[in-house]
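Trainee: I would like to learn how to read a protein model, feature by feature. Please give the general idea each time, then the case at hand.

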Amino acid sequence: MADLQLTLKVWRQKSSSDKGKFETYDVSGLNSHMSFLEMMDVLNEQLVGKDREPIAFDHDCREGICGMCSMVINGRAHGPLKGTTTCQLHMRHFKNGDTITIEPWRAKAFPVIKDLVVDRSSFDRIIQSGGYVSVNTGSAPDGNAIPIPKEVAEEAFDAAACIGCGACVATCKNASASLFVSAKVSQLALLPQGQPERKERVNKMVSKMDEEGFGHCTNTGACQAECPKEISIEYIRKMNLDYNLSNIKG
Ligand code: FES
């Protein structure tokens, strides 16, 4: 187990109204088996030991499920590994003596609350606008009682893998939320239960996304490259098609 000593340049910001700045910390007592968040815990223990304010950062499950661990590490959302959340990133991917830069998600629709914590309630409001099924689907049906072709079920399942972390927004040069919204639209639009509200849903969710201040998609594909769940931009094409079809009159 290799010992690590790192220099961390971390974004510190007292509140949303504070300008914020980078602060540099030397951290020791680390090893290559630690996760990135455990490394942050060690840094915070060292800061508290020196009577300094610990760094605020979001986390919950630490298992790649909840989407809370939002950090831009060396300029990349969730760090250097493909298909990996910050909490699943391990320090063996860094070298002794490395300098690591850590920033919050940066987007108008995700204002910084404190240090590395941003307000992602805009995502909640998009879901509240239509990302649900309100038809009565009754009690749980028997397995395979609703015939759905395997490839369609898998496509819906892949869309449902989105954990709503916001890496797509943080990565996109336009701060577009199209990958997130398209995944949430598609997971329902592909299934029979999602059909009654299909047109209304896509309209409401796309309108809400615009209202919340997210930028437009210009198909750079950066979101797909950095998404920790490797959600495909094909869902954006499907969402745009659905949106256009839902607005055809007559
Ligand atoms: S803490 Fe839950 S996905 Fe990282």
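Predicted model: local features only at pLDDT ≥ 70, side-chain atom pairs only at ≥ 80, totals over all residues.

Mentor: Residues are numbered from 1 along each chain as its sequence is written, and side-chain values use heavy atoms, with hydrogens and water left out.

Trainee: How many helices and strands does the protein have?

Mentor: Helices (H or I, at least four residues) and strands (E, at least two) are DSSP runs, numbered from the N terminus. Here there are eight helices and seven strands. The C-alpha trace spans about 65 × 40 × 35 Å along its principal axes.

Trainee: What percentage of the residues counts as buried?

Mentor: Buried means under 20% relative accessible area, exposed over 50%, and partly exposed in between (1.4 Å probe, protein chains only). Of the 250 residues, 46% are buried by that rule.

Trainee: What is the strand order in the open sheet?

Mentor: Two strands pair if DSSP finds at least two bridges between them. The open sheet has five strands in the order β2-β1-β5-β3-β4, and the pairing is mixed. At the edges stand β2 (21-31) and β4 (76-77); each has a single partner strand, so one side of each lacks a neighbour in the sheet.

Trainee: Which way do the neighbours of β1 run, parallel or antiparallel?

Mentor: With β2, strand β1 pairs in the antiparallel sense over nine bridges; Asp-3 has Asn-31 of β2 as its bridge partner. With β5 (residues 99-103), β1 (residues 3-12) runs parallel, and four bridges join the two. Opposite Thr-7 stands Thr-99 in β5, and opposite Leu-8 stands Ile-100 in β5.

Trainee: Which strands does helix α1 lie across?

Mentor: Axes are lines fitted to C-alpha atoms, for helices over the stretch in contact, and angles run from 0 to 180 degrees between N-to-C directions. Contact means heavy atoms within 4.5 Å. Helix α1 (residues 36-49) lies across β1, β2, β3 (72-73) and β5, at about 105° to β2.

Trainee: Which residues of helix α2 are buried?

Mentor: An α-helix has 3.6 residues a turn, so residues three or four places apart point the same way. In α2 (residues 121-130), the buried residues are Ser-121, Ser-122, Phe-123, Ile-126, Ser-129 and Gly-130. They pack against α4 (167-171), α5 (178-189) and α6 (198-211).

Trainee: Is Phe-180 buried or exposed?

Mentor: Phe-180, in helix α5, is buried, because its relative accessible area is 4%. Leaving aside neighbours within four places in sequence, Phe-180 is in contact with Phe-123, Ile-126, Ile-127, Cys-162, Gly-164 and Cys-168. Ile-100 is 80 residues from Phe-180 in sequence and 28 Å away in space, C-alpha to C-alpha.

Trainee: Where does Lys-82 lie, and is Lys-82 buried or exposed?

Mentor: Lys-82 is in the loop between β4 and β5. With a relative accessible area of 56%, Lys-82 is exposed. Beyond its neighbours within four places in sequence, Lys-82 is in contact with Ala-225 and Glu-230.

Trainee: Where is Leu-241, and how is its 45% relative accessibility classed?

Mentor: Leu-241 belongs to helix α8 (residues 234-246) and counts as partly exposed at 45%.
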